[in-house]
Amino acid sequence: MSEQNTTVPSDIRGVLIQVSGARLLLPNATIAEVLSYAPPEPIADAPHWLLGRLRWRGWQLPLIAFAEMAGFAQENAALGSKVVVLKALGGDPRAPYFAMLTQGFPRLVTVSQDGLLLDTNQEGIPQGVHARVVLNEDVAFVPDLEAVEALIGGALAQAA
């Protein structure tokens, strides 16, 4: 058997997103757009972290407060709050996007192989989080977007 020479890019573009009580690290490619916050249309009987629906490019997007979903902190929209529209990974053509409340603009970062470390303590990983990481000495959480989409789908089904 011969070894294939596969080159892996050493750096990728990521974004650090500030939510109440934590920072999230996502690949830049998952973000479709960043919007100014506007109050969403409420969804009756939805969990507290599902803030409602907002209109975006002809879609009705569920808006979540990730910090509340994960149990980091209570999250309320405040002056300077933004909404990040994320591309859904689940492949449901009826729900190709969802939105997340953030505290300010996401920050573009370069993620290098030697600058990103898996936090050695992975105990108590919150709901909707894949892993706790350290990026250039900053602790961040990598969301499990497929799990988040499943939680949104379940909440919407129960609220309907």
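Ten nonpolar, two polar and four charged residues make up the lining of the largest pocket in this predicted model. Of the 16 residues in that lining, Pro62, Arg94, Ala95, Ile152 and Leu156 are the ones that lie nearest the centre of the pocket, whose volume comes to about 270 Å³. Strand E5 (59-64), strand E7 and helix H2 (145-159) are the elements that each give two or more residues to this lining.

The second largest pocket holds about 160 Å³ of space, and its lining of 13 residues has Ile12, Leu25, Pro27, Val111 and Leu116 nearest the centre. By class, seven of the lining residues are nonpolar, four are polar and two are charged. At least two residues each are supplied by strand E1 (11-19), strand E2 (22-27) and strand E8 (107-112), with the largest share, four residues, coming from E1.

Turning to the sheet, strands E5 and E7, which contribute to the lining of the largest pocket, also belong to an open sheet of five strands with mixed pairing, in the order E3-E6-E7-E5-E4. Because strand E3 (31-36) and strand E4 (50-56) stand at the edges and have a single partner strand each, one side of each is left without a neighbour in the sheet. From one strand to the next, the twist averages 30°. Within this arrangement, strand E6 (residues 81-87) pairs with strand E7 (residues 97-103) in the antiparallel sense over seven bridges, and lysine 87 stands opposite tyrosine 97 in E7.

How values were computed: Residues are numbered from 1 along each chain as its sequence is written. This is a predicted model: local features need pLDDT of at least 70, side-chain atom pairs count only at pLDDT 80 or more; totals for chains, interfaces and linings use all residues. Side-chain values use heavy atoms; hydrogens and water are left out. Two strands pair if DSSP finds at least two bridges between them. Axes are lines fitted to C-alpha atoms, for helices over the stretch in contact, and angles run from 0 to 180 degrees between N-to-C directions. On a 1 Å grid over the protein atoms alone, a cavity is a set of points where a 1.4 Å probe fits but cannot get out, and a pocket is an open set with protein on both sides within 12 Å along at least five of seven lines; lining residues have an atom within 4 Å of a point. Grid points are joined across faces, edges and corners, and a volume is the space filled by probe spheres set on the points. Ala, Val, Leu, Ile, Met, Phe, Trp, Tyr, Cys and Pro count as nonpolar, Asp, Glu, Lys and Arg as charged, and the others, Gly among them, as polar.
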